[in-house]
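Please walk me through the packing in this protein.

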Amino acid sequence: MKDFIIIKGAREHNLKNLDLRIPRNSAVVITGPSGSGKSSLAIDTIYAEGQRRYVKSLSSYARQFIQELRKPELDYIEGLSPSVAIQQKTVSRSPRSTLGTITEIYDYMRVLYTRVGRPFCYKCGSPITVQDTDHILLSVLDLPEGTRLQILAPLVRERKGEYRKELQQMRREGFIRARIDGEMVELTEDLKLRRHSRHTIEIVIDRLIVKPAVEKQLRLALEAALVYADTVVINLIDSGEDILFSKTLSCLKCGVSYQEITPMFFSFNSRLGACPSCRGLGYEGITEEAEDTEGMRPCSACNGLRLNREALSVTMGGLNIGEFSSLSLRGASDFINGLRLSEREHEIAGRVLKEVGSRLGFLIKVGLGYLTLDRPASTLSGGEAQRVRLATQLGASLTGVLYVLDEPSIGLHPRDCRRLLDTLTAIKDAENTVIIVEHDEETIRWADHVVDLGPGGGRAGGWVVAEGTPGEIQHNRRSLTGEYLSKRRSIPVPASRRKAGSFLRVSGISEHNLKNITVDIPLGIFTCVTGVSGSGKSSLVMDVLYRALLGAVHGLDVSPGRYRQLSGVEKVTRVISVEQKPLGKTPRSNPATYTGVFNHIRDLFSRVREARIRGYTPGRFSFNLRGGRCETCRGEGCRKVEMHFLPDVYVPCDDCGGKRYNRETLQVRYRDRSIADVLEMTLSEAYDFFSGIPAIRGRLQILMDVGLGYVRLGQSATTLSGGEAQRVRLAKELGRQSGGNTLYILDEPTTGLHFVDIERLLHVIYELVKRDNTVVVIEHNLDVIKSADYIIDLGPEGGDEGGYVVAAGTPEEVAAEDGSYTGSFLRERLNGSAAGIEPGQGEQV
């Protein structure tokens with residue numbers, strides 16, 4: 001095997017015909033300013049070519065189901081291994097997906113509870129024991145005289161298949177009716193069940209009416225039913241109610257019977273296990289299509305545990321499976337390690353326990369120990385979702401693989417970042433190559449080899465500015481990254497801190513792991529909320545503060561997290577959360593449409609002489625409306641190709657070539673450019689092109705101020721990172737005419753930002769505060785934290801050991817706190833930084 005991945009003539013997107021030699025079995029960091037081509041090199045060239053070659057190696061039979069993948073723009077590449085990309089994509093948007101299900105830990109726990117769980121009566125708490133035929137007989141005879149009922153024997157419960165042979169056998173044995181999936185059917189009919197759907201088939205053994213002379217007929221029917229199943233269903237015909245009896249599981253005191261306990265019994269995605277009130281979704285009023293569970297009330301029937309009362313009455317080590325799932329990963333690991341099982345139970349469950357313990361350990365290693373197994377997958381941040389995938393790869397123990405990661409340090413406190421790097425070192429030491437797109441200083445210094453792209457973003461990027469060891473980069477004066485690593489250039493500490501004139505006070509906060517704390521939020525200044533991963537930052541800021549202000553300031557009917565009192569709210573007139581969620585769910589949305597600048601551009605094109613002659617209005621230049629758009633792709637410029645067992649891909653429309661518009665619309669030109677040409681411009685290019693149009697120039701200037709000059713005007717919202725989407729939203733807010741007294745909330749705005757871009761972001765924050773607004777930022781980046789006026793540090797740990805205010809005050813005051821992890825890292829950063837500019841002053845980068 002070759003010692004290097006050799007790349008020649010890489011030209012994907014803005015890459016400038018690059019030639020590179022990347023060492024194999026090493027940790028390689030690709031860095032550079034935003035838009036310099038990092039993802040184009042790592043994801044769209046190296047990983048994409050590895051995936052393309054993998055597909056090409058499949059059999060001709062398999063390849064017929066997959067459209068041939070496009071070869072990246074490059075001349076030559078060799079030394080590639082099978083490649084795996086671990087990106088910041090959301091794992092699942094389904095409300096049924098949880099951390100436990102996507103890691104398969106919950107599936108293993110269902111097996112564990114089936115084998116060694118102990119069922120108790122949900123009515124009286126007594127142990128569930130075996131029932132005999134006589135006990136069942138007496139229970140049925142106790143029903144009111146005249147009760148009409150039918151006796152059913154469950155043949156199949158919630159299993160996939162057509163069951164033709166079984167149904168035919170029942171016909172031969174003389175049975176004429178069955179209840180299939182809740183519907184009564186005649187077995188004499190030609191029944192066809194869907195092969196890939198789950199079915200429940202219950203054979204009708206007999207129908208009878210409760211009366212003194214029915215005992216013999218009832219006994220025969222019960223004995224016949226128990227030949228086919230361990231459970232008997234007594235269906236009361238008039239009310240439709242079912243009474244379940246089991247010859248294996250029942251309560252001797254209450255007569256409550258349980259069906260056979262199988263792993264499906266503990267599945268909230270099955271009718272056998274799901275809570276009948278919320279259908280296994282855990283929340284009230286939620287639908288299957290819901291993507292956001294924020295602010296939802298837990299189901300009152302199951303308390304958010306998703307399962308029915310029978311499943312929740314089976315315990316192991318004193319906890320039911322729902323309670324186990326609500327533990328943090330660290331708590332779950334302690335529970336598994338502390339389980340006391342008999343020798344027989346340990347023999348039965350040993351392998352399952354080992355697998356669960358191993359998976360929990362890998363998740364804790366990558367800094368996710370504070371998460372709970374019942375955490376909805378849709379609420380995981382991009383960084384958390386990426387580390388979940390990373391933990392899965394750790395468990396796979398593969399060798400000879402090329403791993404490509406996109407900013408794995410996102411969402412990690414500096415203390416937790418060290419643990420992540422230890423994990424990546426273990427992957428590399430197993431003879432794998434690890435390529436990381438990253439801006440984090442510690443990660444860059446940890447790497448064996450660094451590729452620094454630049455010098456700018458967009459058209460000004462795509463060159464290799466420097467490459468080598470971190471030390472070599474540090475001493476290379478051509479490298480902007482090296483300038484910051486060597487401290488020849490740094491983000492200065494503000495010369496003074498702003499003082500708050502008043503505070504918002506939120507008292508009695510007890511949401512999630514927050515420990516009945518009281519927090520004062522200073523108004524009119526820049527505040528950072530910090531703390532290790534899982535310490536309660538998002539619970540405080542997003543679940544309590546933001547949602548409480550939505551109700552108090554805007555009168556919205558939302559359910560904030562638990563708190564006792566909110567005061568000082570009269571000083572706030574508006575609250576805005578600048579989120580990292582995608583701007584839109586389809587390729588139609590883009591920075592131009594979202595910020596409103598496209599309305600001015602369309603209006604300008606409609607006033608061109610050719611457009612006026614043809615009678616075109618601004619609507620003609622919208623790719624969302626009939627008339628001007630390409631009807632083949634309906635203005636999307638691309639079409640989705642399903643790749644079956646690979647992710648779907650988008651390819652350019654055959655008719656318009658990706659331009660979105662029809663030929664007649666493209667014939668209208670402003671300064672020799674069509675509307676499609678304008679959408680292909682970067683924001684910097686568009687700024688120069690429209691420099692004489694104030695309404696357009698002003699909005700583009702703001703987008704460049706937040707460091708997005710490299711992004712194309714019409715770039716699909718689905719291709720923007722979370723950090724880029726957040727900065728587009730920030731630009732839209734900056735473009736508003738604000739009267740002040742607005743409270744802005746930003747969650748990790750440095751995502752995807754190089755050192756130089758962080759400087760730009762800080763100037764934007766300073767500008768918002770200068771307009772008499774309040775900015776509250778959740779952040780781990782020390783350069784942002786040291787630049788804040790005030791810090792609220794939570795901790796001391798994550799999960800159950802977090803949720804306290806460890807320190808609060810100016811960065812200098814927090815740095816002096818011995819019990820603060822943030823303070824200890826901040827102390828070093830403050831001592832090593834040059835004293836600097838006044839907030840909001842200084843040279844614009």
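The text below covers the cores, a helix contact and a lysine, in that order. The model is a predicted one.

In soluble globular proteins, nonpolar side chains tend to be buried together. Here the largest nonpolar core has 140 residues. M109, I336, F526, I601 and F690 have the most contacts inside it. Helix α25, residues 755-770, supplies the largest share of this core, with 10 residues. A second core is separate and holds 33 residues, including L149, L167, L187 and L226.

Take I601 from the largest core. Setting aside residues up to four places away in sequence, I601 touches I675, V678, F690, I696 and L713.

I601 also takes part in a helix contact. Two packed helices are described by the angle between their axes and the distance between the axes. For α18 (residues 597-606) and α23 (residues 694-705), the angle is about 150° and the axes are 9 Å apart. An angle over 145 degrees counts as roughly antiparallel, so α18 is roughly antiparallel to α23. The crossing of α18 past α23 is left-handed. On the α18 side, the contact uses V597, H600, I601 and L604. A695, I696, R699 and L700 come from α23. By type, the contact residues are six nonpolar, one polar and one charged.

Now the lysine. K537 lies in helix α16, residues 537-554. Is K537 buried or exposed? The cut-off for buried is under 20% relative accessible area. K537 has 6%, so it is buried. Beyond its neighbours within four places in sequence, K537 contacts V529, T530, G531, V532, M542, I778, H780 and L794. G637 is 100 residues from K537 along the chain, and their C-alpha atoms are separated by 41 Å.

Technical notes
Residues numbered from 1 in each chain as written. Predicted model: local features only at pLDDT ≥ 70, side-chain atom pairs only at ≥ 80, totals over all residues. Heavy atoms only, no water. Core = buried A, V, L, I, M, F, W, Y, C linked by side-chain atoms within 4.5 Å. Buried < 20%, exposed > 50% of the residue type's maximum accessible area, 1.4 Å probe, protein only. Helix = DSSP H or I, 4+ residues; strand = E, 2+ residues; numbered from the N terminus. Contact = heavy atoms within 4.5 Å. Axes fitted to C-alpha atoms, helices over the stretch in contact; angles between N-to-C directions. Parallel < 35°, antiparallel > 145°, perpendicular 65-115°, else oblique. Left-handed = near helix turned anticlockwise from the far one by under 90°. Nonpolar A, V, L, I, M, F, W, Y, C, P; charged D, E, K, R; others polar.
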